[in-house]
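Here is a short tour of a protein model for you to follow on screen. Please keep the sequence and the 3D view open side by side as you read.

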Amino acid sequence: MAEPVDRPTDEPLNRWGRWNAPKFLKRGSGPDGLRLVAGSAVLGLVVAAGAVLAAGPWDSGQRKAERDRAAVQQRAGGAHHEWPASDGPKPAPSAPAVLSALGATAGLTAPAGASGLETALEPLLDAPALGSVHAAAVIDTATGKQLYARGAATPMTPASTVKIATAAAALSALGPSHRIATTVRLSPDSRTLTLVGGGDPTLDKAALRSLAADTARSLRDGGTGPVRLTYDTSRYSGPALHPIGPNENIAPVSALMVDEGRLDKSDRGPARRTDDPAGDAARAFADLLDEAGAATRPAPTSGRAAAGSRTVATHLSAPLSALVERALTNSDNDIAEALARQTAIKAGEPASFAGSRRAVTARLKALGLPLAGARFADGSGLDRADKVTAGLLARLLALAAGPDHPELRPVLAGLPVAGFSGTLDDRYTATSSATGLVRAKTGTLTGVNSLAGTAVDSQGRLLAFAFLASGSTSPEEAEAALDALAAALTEGTR
């Protein structure tokens, strides 16, 4: 049986029916006055996020609300999904700098030391629900100072929180604007068409139909008669099946698939998967070609495009920034594995589990992250052989919030918002101090629970944190204990 993993919600993001606004509108000067600004800023992002998901699907990798906001801002700075333009403003370095720009830093008290967090976190970290082994790390993203650590250098199984590392490696290697190409190539003798998979798991029926229409038009323009159809998955190598075997949480990993190999109309969460995603995609493409007026011989076969073949149609995926956000918000295993393999291809490694492990490790090492004891057996976190430390995850999140690596910003943008989106949609209530102020990636395997992300504390600081637990017996109780730890960060000490 498949191990339980995060099951993303299918409900809309906007949950105002259980919102308690006065809870967050603390008045006065000093730390509480700043908290009003920080809370309002975060909640403003939440409102925008709610409008986006309510509006519809991921739109060409750039959410509609983000485009509208960018047009209004007229390049006024902030976190960018594209590489920064040479003649434009640089992205805002972190949440504290944003607060400073709002003129709200005058009331800040001196930062609380680790001892203050120890008082708040130690009893919560010792909760029996978190099992026999647990680790934690908390970093002030503005200063890079580690505020709290317990077992922070102990390698542990991270479950889906490893997706943070996978996403950061891909963004660092390829940049947020990178797109994955699916192409159709015609042989020099014009007798064979080849559908070439580039590794885009989000390729859907609409994209396939567009490819077929463009291909049929090119064949007609060239006076080409009936053609034989083949499909090429050679961009990926190694085993297609994840080590956990056939599973509703992930399809066989292939360079060519449609709708992540799902056999229902879902776009997230567990679902029955095909055991032949590439073949299914090719057969669907053949039908669409016929509909578009391009006759093909039956039964597409696997094979590489002939030498000298020319490209007659191309489909580009959403930008990598959007794929990262979708992977993190919905804990999407198929996209995460694709991100790892794209990183491997960029590094010149085989696009396999082993090649991805080497490429992700090398990229994170180049970012100067602490990798002692780390092992990236897969990109999704489904493999128990994955090992990371709480210190690594917290440090990576702090790096994504800092000014030196704006290309990593989609890691923060993709984190689920407590009480509102993705896998944190239903884990916080309107009365929780963390609702809207915590953004974090969840992780769940049998006996393993984790939570890593950011929180705005009572002084307006943006904190990066990671909490890892092993040996838990009740997923629900472990999740509640992790949520209490994150909530404690938002309450803080003065």
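## A charge over two rings

A charge counts as sitting over a ring if NZ of Lys or CZ of Arg is within 6 Å of the ring centre and within 35 degrees of the ring normal. By that rule, the charged end of R341 sits over the ring of F353, 4.3 Å from its centre. R341 also lies over the face of Y236, at 5.8 Å from that ring centre.

## Ground rules

The model is predicted: local features need pLDDT of at least 70, side-chain atom pairs count only at pLDDT 80 or more, and totals for chains, interfaces and linings use all residues. Residues are numbered from 1 along each chain as its sequence is written, and side-chain values use heavy atoms, with hydrogens and water left out.

## The sheet

Now for the strands, which like the helices are DSSP runs numbered from the N terminus (strands: E, at least two residues; helices: H or I, at least four). Five strands make an open sheet in the order 2-1-10-9-8, with antiparallel pairing; two strands pair if DSSP finds at least two bridges between them. Strand 2 (146-150) and strand 8 (438-445) are the edges, each pairing on one side only. On average, neighbouring strands of this sheet are turned by 5° against each other, direction ignored; axes are lines fitted to C-alpha atoms, for helices over the stretch in contact, and angles run from 0 to 180 degrees between N-to-C directions.

Strand 10 (residues 462-470) has eight of its nine residues buried, that is, under 20% relative accessible area with a 1.4 Å probe, protein chains only. V138 stands opposite F465 in strand 10 and opposite Y148 in strand 2, while L451 stands opposite F467 in strand 10. Strands 9 and 10 form a hairpin with five residues between them, where G460 in the turn has a positive phi of about 85°.

## Helices

Which strands does helix 13 lie across? Helix 13 (residues 475-491) lies across strand 1, strand 8, strand 9 and strand 10, running at about 20° to strand 9.

Helix 5 (residues 162-174) reaches 19 Å from its first C-alpha to its last, close to the 18 Å expected, which is 1.5 Å times one less than its number of residues. After helix 5 comes G175, whose phi is positive, near 90°.

Key:
Buried means under 20% relative accessible area, exposed over 50%, partly exposed in between (1.4 Å probe, protein chains only). Contact means heavy atoms within 4.5 Å.
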